[in-house]
Amino acid sequence: MEQILTALGYQLAFAIDRDVEYYELHGAILRLERYPHMDDLLEVEGEPDAIEAAIAATGLPRAEFSSDALADFVARYELRTGEIARVSDAALA
């Protein structure tokens, strides 16, 4: 597909490389995402009660969970670490 898009004149604008694992807990879906050079991200989806039960079961502080976009997560990582977050190993044109 990459060759077809390139042949049509498209250029890569944004890429995300991640390993994703899915888990089910208390009726919620937990998605663990790992990136090349950034913190791991745990997303929790489901009905509100299921989300809260799953978050509580992780043992992670509730305040660490938000509905922020990936770009906000990246910005917080960079501010906290002083390092550039990398969500892809692809080189942009």
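**Figure 1. Glu33, a buried residue in strand S2.** Let us start with Glu33, which counts as buried in this predicted model because its relative accessibility is 2%, under the 20% cut-off. Glu33 belongs to strand S2, which covers residues 28-34. Setting aside neighbours within four places in sequence, the residues in contact with Glu33 are Arg18, Asp19, Val20, Asp40, Leu41 and Glu43. Two polar contacts between side chains can also be picked out here. One joins Glu33 to Arg31 at 2.7 Å, and another joins Glu33 to Tyr35 at 2.3 Å.

**Figure 2. The salt bridge between Arg18 and Glu33.** In this view, Arg18 pairs with Glu33 in a salt bridge whose closest N and O atoms are 3.6 Å apart. Arg18 sits in the loop between helix H1 (2-7) and strand S1 (19-25), while Glu33 is in strand S2, so the pair ties together parts that are 15 residues apart in sequence. Which of the two partners is buried, and which is partly exposed? Arg18 is the partly exposed one, at 41% relative accessibility, whereas Glu33 is buried at 2%.

**Figure 3. Arg34 and Glu21 link strands S2 and S1.** Here the side chains of Arg34 and Glu21 form a salt bridge, with an N to O distance of 3.0 Å. Because Arg34 lies in strand S2 and Glu21 in strand S1, this pair ties together parts that are 13 residues apart in sequence. Arg34 is partly exposed, with a relative accessible area of 33%. Glu21 is also classed as partly exposed, at 30% relative accessibility.

Figure 4. A salt bridge joins the side chains of Glu45 and Arg31, at 3.8 Å from N to O. Glu45 is in strand S3 and Arg31 in strand S2, so the bridge ties together parts that are 14 residues apart in sequence. Glu45 is partly exposed, with 41% relative accessible area, but Arg31 counts as buried at 18%. Across the whole structure, a search finds nine salt bridges.

**Figure 5. The largest pocket and its lining.** Our last stop is the largest pocket, which holds about 640 Å³ of space. The lining is made up of 23 residues, and those closest to the centre of the pocket are Leu41, Glu64, Phe65, Ser66 and Phe73. Strand S3 (41-45), helix H2 (48-58) and helix H3 (70-81) each contribute at least two residues to the lining. Which element supplies the largest share of the lining? That is H3, with five residues. Sorted by residue class, the lining of the largest pocket consists of 13 nonpolar, two polar and eight charged residues.

Note on methods:
Residues numbered from 1 in each chain as written. Predicted model: local features only at pLDDT ≥ 70, side-chain atom pairs only at ≥ 80, totals over all residues. Heavy atoms only, no water. 1 Å grid on protein atoms, 1.4 Å probe; cavity = no way out; pocket = protein on both sides within 12 Å on 5 of 7 lines; lining within 4 Å. Points joined across faces, edges and corners; volume = space filled by probe spheres on them. Helix = DSSP H or I, 4+ residues; strand = E, 2+ residues; numbered from the N terminus. Nonpolar A, V, L, I, M, F, W, Y, C, P; charged D, E, K, R; others polar. Buried < 20%, exposed > 50% of the residue type's maximum accessible area, 1.4 Å probe, protein only. Polar contact = N/O pair within 3.5 Å; in protein donor to acceptor, adjacent residues only side chain to side chain. Contact = heavy atoms within 4.5 Å. Salt bridge = Lys/Arg side-chain N within 4 Å of Asp/Glu carboxyl O.
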